[in-house]
Amino acid sequence: MNQSADIVVIGGGVIGCACAYFLARAGMDAVLIEKHGIASGTSSHCEGNVLVQDKMPGYDSQLARLSQELFPGVVADLDREVGWRRPGTLLVAESEAELAVAEDFCRQMAQADVPVRFLDASALHRAEPNLAADLVGGLEFPTDGCLNPMLFCVALAEAVQRMGARVMAHTEVLAIETDSAGAISAVVTENGRISTRAVVNAAGVWSPAIGAMVGLSIPVRPRQGQILVSERTAPIATRSVVEFGYLMAKFGNSGYRRAITPEMERYNIAFVYEPTDAGNFLIGSSRLFTGMNTHCDIPVLRALAARALRFFPVMRSVSIIRSYAGLRPYTPDHFPIVSASSVPGFFVATGHEGDGIGLSMITGKLMTQIVKGIEPDIDTTPLRLDRFD
C-alpha cells in the first residue's frame, strides 16, 4: 500500500518515539516505523534514569537539564502511568583521593548551574544508612529522576497516534529513495512505500545501516551493558546510587585509579543501584564492545555482584533472579548526534549511549526545531553529524 507523510521517523525506541511525539505536536503528519515492537531494543534493556549526575559540567550538563525540565509536562500529557518520579540521586566516593576529585566536580557543576550538594561521610550515611561504613562522602543531585522506560515509549507512541500521526510497528524499512537532486523522496517498507520529503534516523545501534541506505556513514558502535535484577526485598536505598568511578568508566578518564579487580577493569564495571516501583532493584553496569552480542556472561555478572557488595554489604542476603544485556549506541566523543545531514531531508537522532532516556525529551524537541527551521533551544553545533568528517 502506498502512503504519504510529511516525515518518517525510523526507530521505535525512546529517541524515535520522542521525535515522533514532538513532530506530531508541532502539527506535522508523521509516521513512526519500528522493525519489531515499540521499545524492543535498547529502550527495553536499560535502567530508565533521567540524570544530570553523570554528565560533564558545561554543555553536557546543560543539555541534560533542559531535557529534565521537559519531562513533567510531557508525562502529564500521556494517557498512562509511566512511573515518573524525582527522588534525586547520589554519587558516592570510596576514598579520600576520590572525594577530592568529587569535590572539585561538585564546584564545576555548581558553576554550571546544576543543583548539587556535597555530602561528607556523616551526611552520606544519614542519607543512606545501608551504605558501607568506610565510604567517605559523595554528591547529591536533587533534580534527577527515573521512570519505566518501556511504558514511557509505549505511552509516547500512543500519544503520537492520539495526535493523528501513524505508528507502524513490526515493519522493516527496506530502502530509502532519493530524487534526481539527491533529496529524500520515499521510504520503502515491507508493508508498502511512503512518499515523504524528510526522514529521521533514530534507529540507535542500527542507525549505521539506515544511514548506509542514503550513502551516509553514521559513526555509532554498539556498546554492551549487562544488568542484574534482584528479588523483591526491603528497600536497600531510597534512590539511585552510583559510584563516582562511573564517570571514569563512562568517559575513559584516567585522572585517578579505582581499587578494583582486574576483572572489573577488563569489563569496565562501575557500580549503579536503581530501585524500581516493583520493590526490587537493578545493578549495573558494564561497558564492553562485543558487536551486536546481547548474551550475559557469568564472569561479568560475578564482577557486577562483587562491586555491588563493596557499596552495599547488606545485599549479600538478597537473591538475584535474572540478568539481561542491552546495547548502547556509542559515539567516539560520547555526545549524541542530533542533526541534519548532507542528504537533503535526511536527519539523524542517535548515539546517546546510556543517556537515551534522559536526553530523549530535548532530542525530540531539538530535532523538531531543526526539521522546521526554528532556532533551537541550545546551540546544536556539538551535536552535528559533520563534526566527525
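Trainee: Is Ala-183 buried or exposed?

Mentor: This is a predicted model, so read every value as computed. Buried means under 20% relative accessible area. Ala-183 has a relative accessible area of 11%, so Ala-183 is buried.

Trainee: Where is Ala-183 found?

Mentor: Look for the elements on either side. Ala-183 lies in the loop between strand 10 (173-178) and strand 11 (184-189).

Trainee: Which residues does Ala-183 touch, leaving out those up to four places away in sequence?

Mentor: Contact means heavy atoms within 4.5 Å. Ala-183 touches Glu-177, Thr-178, Arg-197 and Pro-344. Take Pro-344 from that list. Along the chain, Ala-183 and Pro-344 are 161 residues apart, yet 4.6 Å separates their C-alpha atoms.

Trainee: Now a strand. How many residues of strand 7 are buried?

Mentor: Apply the burial test to each residue in turn. In strand 7 (residues 137-141), 5 of the 5 residues are buried, so the rest of the structure largely encloses this strand.

Trainee: Which way do the residues of strand 7 point?

Mentor: Sort them by direction. Gly-137, Leu-139 and Phe-141 point one way. Gly-138 and Glu-140 point the other way. Both sets are buried.

Trainee: In what sense do strand 5 and strand 7 pair?

Mentor: Check the bridges. Strand 5 (residues 89-93) pairs with strand 7 in the antiparallel sense, over 5 bridges.

Trainee: What about strand 6 and strand 7?

Mentor: Strand 6 (residues 117-120) also runs antiparallel to strand 7, with 4 bridges between them. There, Asp-120 stands opposite Gly-137 of strand 7.

Methods:
Residues numbered from 1 in each chain as written. Predicted model: local features only at pLDDT ≥ 70, side-chain atom pairs only at ≥ 80, totals over all residues. Heavy atoms only, no water. Buried < 20%, exposed > 50% of the residue type's maximum accessible area, 1.4 Å probe, protein only. Helix = DSSP H or I, 4+ residues; strand = E, 2+ residues; numbered from the N terminus. Pairing = 2+ DSSP bridges.
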